[in-house]
Amino acid sequence: MRDLAVSPSLLTSVAAPNAETPRMRETAEKFEASFLSQMLKPMFEGLSTDGPFGGGEAEGTWRSFMIDEMAKQTVRAGGIGLADTVVSEMIRMQAEQSQAQTLPGATA
């Protein structure tokens, strides 16, 4: 009778339950950018768009896109640390789920 052997490629293709993945980081950064965008919106609500250097009606129309891009740029520059907290929480939840699945009689 032969012993069963596990291919090393199978072991490396699955991320460890306590490891950050690029997808986790991307999701956390998108969340942080969305949060920042919502926090920045009230800063621009009372601004007038008329005057010699104002953008007029178009500025008001496209302002939300500008705010979203400002939030994304803030995250690219290091953000406020929210993405790191979100990633840590994702890893913790993933580890708990993995542990629950490996325990005998556990239901997830």
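This is a predicted model: local features need pLDDT of at least 70, side-chain atom pairs count only at pLDDT 80 or more; totals for chains, interfaces and linings use all residues.
User: Which aromatic pair does a search of the whole structure find?

Analyst: The search finds one aromatic pair, formed by Trp62 and Phe65, which is tilted, with 5.2 Å centre to centre and 40 degrees between the planes.

User: Where do Trp62 and Phe65 lie?

Analyst: An α-helix has 3.6 residues a turn, so residues three or four places apart point the same way. Trp62 and Phe65 both lie in helix H3, three residues apart, which is about one turn of the helix.

User: Which residues make up the largest nonpolar core?

Analyst: In soluble globular proteins, nonpolar side chains tend to be buried together. Here the largest nonpolar core has seven residues, namely Ala33, Leu36, Leu40, Phe44, Ile67, Ala71 and Val75. H2 and H3 each supply at least two residues of this core, and H2 gives the most, with four. Apart from it lies another core, of six residues, including Ala28, Val86, Val87 and Ile91.

User: What covers the buried residues of H2?

Analyst: The buried residues of H2 are Met24, Ala28, Glu32, Ala33, Leu36, Ser37, Leu40 and Phe44, and what covers them includes helix H3 (56-76) and helix H4 (82-102).

Notes
Residues are numbered from 1 along each chain as its sequence is written. Side-chain values use heavy atoms; hydrogens and water are left out. Buried means under 20% relative accessible area, exposed over 50%, partly exposed in between (1.4 Å probe, protein chains only). Contact means heavy atoms within 4.5 Å. Rings of Phe, Tyr and Trp (its six-membered ring) pair if their centres lie within 6.5 Å; planes under 30 degrees apart count as stacked, over 60 as edge-to-face and the rest as tilted. A nonpolar core is a set of buried Ala, Val, Leu, Ile, Met, Phe, Trp, Tyr and Cys residues joined through side-chain atoms within 4.5 Å.
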